[in-house]
Amino acid sequence: MCNAWRDEIEKLLLFAGLFSATVTAFSIESYKWLREDATEISARLLLQISNQLNVTANYLQTTPSTQVPFSSDPRSIRINVFWFLSLVLCL
């Protein structure tokens with residue numbers, strides 16, 4: 001009786017370990033959706049530098065640039081909440 005329970009618990013722990021490893025891989029990849037893309041930041045900064053150099057070279061008046069703050073897609077936030085919640089509940 002005890003050996004059967006021990007075997008069952010070992011199988012459940014093995015399954016939980018494999019499941020948590022898989023969920024961790026998915027959550028690492030989906031976590032990138034919550035941060036702003038570095039290439040987009042670089043392109044925006046280079047455009048701002050180019051505009052400032054153009055203004056300086058042509059003796060023009062500067063116009064303040066409006067930057068829209070980064071916000072994640074609500075769908076990405078919801079997906080990440082579910083991934084991390086499943087990982088926490090599994091562990």
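Student: In this predicted model, is Tyr31 buried, partly exposed or exposed?
Tutor: The relative accessible area of Tyr31 is 41%. Since a residue is called buried under 20% and exposed over 50%, Tyr31 falls in between and counts as partly exposed.

Student: How many aromatic pairs does a search of the whole structure find?
Tutor: Two rings are counted as a pair if their centres lie within 6.5 Å. When the whole structure is searched, the number of aromatic pairs found is three.

Student: Are the rings of Phe15 and Phe19 stacked or edge-to-face?
Tutor: The ring centres of Phe15 and Phe19 are 6.2 Å apart, and the angle between their planes is 20 degrees. Because planes under 30 degrees apart count as stacked, the pair of Phe15 and Phe19 is stacked.

Student: Which of these words, buried, partly exposed or exposed, describes Phe15?
Tutor: Phe15 lies four residues from Phe19 in helix H1, which puts about one helical turn between them. While Phe19, at 36% relative accessibility, is partly exposed, the value for Phe15 is 57%, so Phe15 counts as exposed.

Student: Is the pair of Tyr31 and Phe84 stacked or edge-to-face?
Tutor: The ring centres of Tyr31 and Phe84 are 6.3 Å apart, and the pair links distant parts of the chain, with Tyr31 in helix H1 and Phe84 in helix H3, 53 residues apart. Phe84 has a relative accessible area of 35%, so this residue is partly exposed. The planes of the two rings stand at 90 degrees, so the pair is edge-to-face.

Student: How far apart are the end C-alpha atoms of H3?
Tutor: Helix H3, residues 74–90, has the highest mean pLDDT among the elements of the protein, at 93. Its 17 residues, at 1.5 Å a residue, should span 24 Å, and this expectation agrees with the distance between its end C-alpha atoms, which is 24 Å.

Student: Which helix do the buried residues of H3 pack against?
Tutor: The buried residues in H3 are Ser76, Asn80 and Leu87. Seen down the axis, they fall within an arc of 30 degrees, so they line one face of the helix, whereas Pro74, Arg75, Phe82 and Leu89 are exposed on the other side. The buried residues of H3 pack against helix H1.

Student: What does the count of disulfides come to?
Tutor: A disulfide is a covalent bond between the sulfur atoms of two cysteines. Here Cys2 is exposed at 55% relative accessibility, and Cys90 is partly exposed at 22%. With a cut-off of 2.5 Å between the sulfur atoms, the count of disulfides comes to zero.

Conventions
Residues numbered from 1 in each chain as written. Predicted model: local features only at pLDDT ≥ 70, side-chain atom pairs only at ≥ 80, totals over all residues. Heavy atoms only, no water. Buried < 20%, exposed > 50% of the residue type's maximum accessible area, 1.4 Å probe, protein only. pLDDT = per-residue confidence, 0-100. Helix = DSSP H or I, 4+ residues; strand = E, 2+ residues; numbered from the N terminus. Expected span 1.5 Å × (residues − 1). Arc of directions from axis to C-beta. Contact = heavy atoms within 4.5 Å. Phe/Tyr/Trp six-rings, centres within 6.5 Å; stacked < 30°, edge-to-face > 60°.
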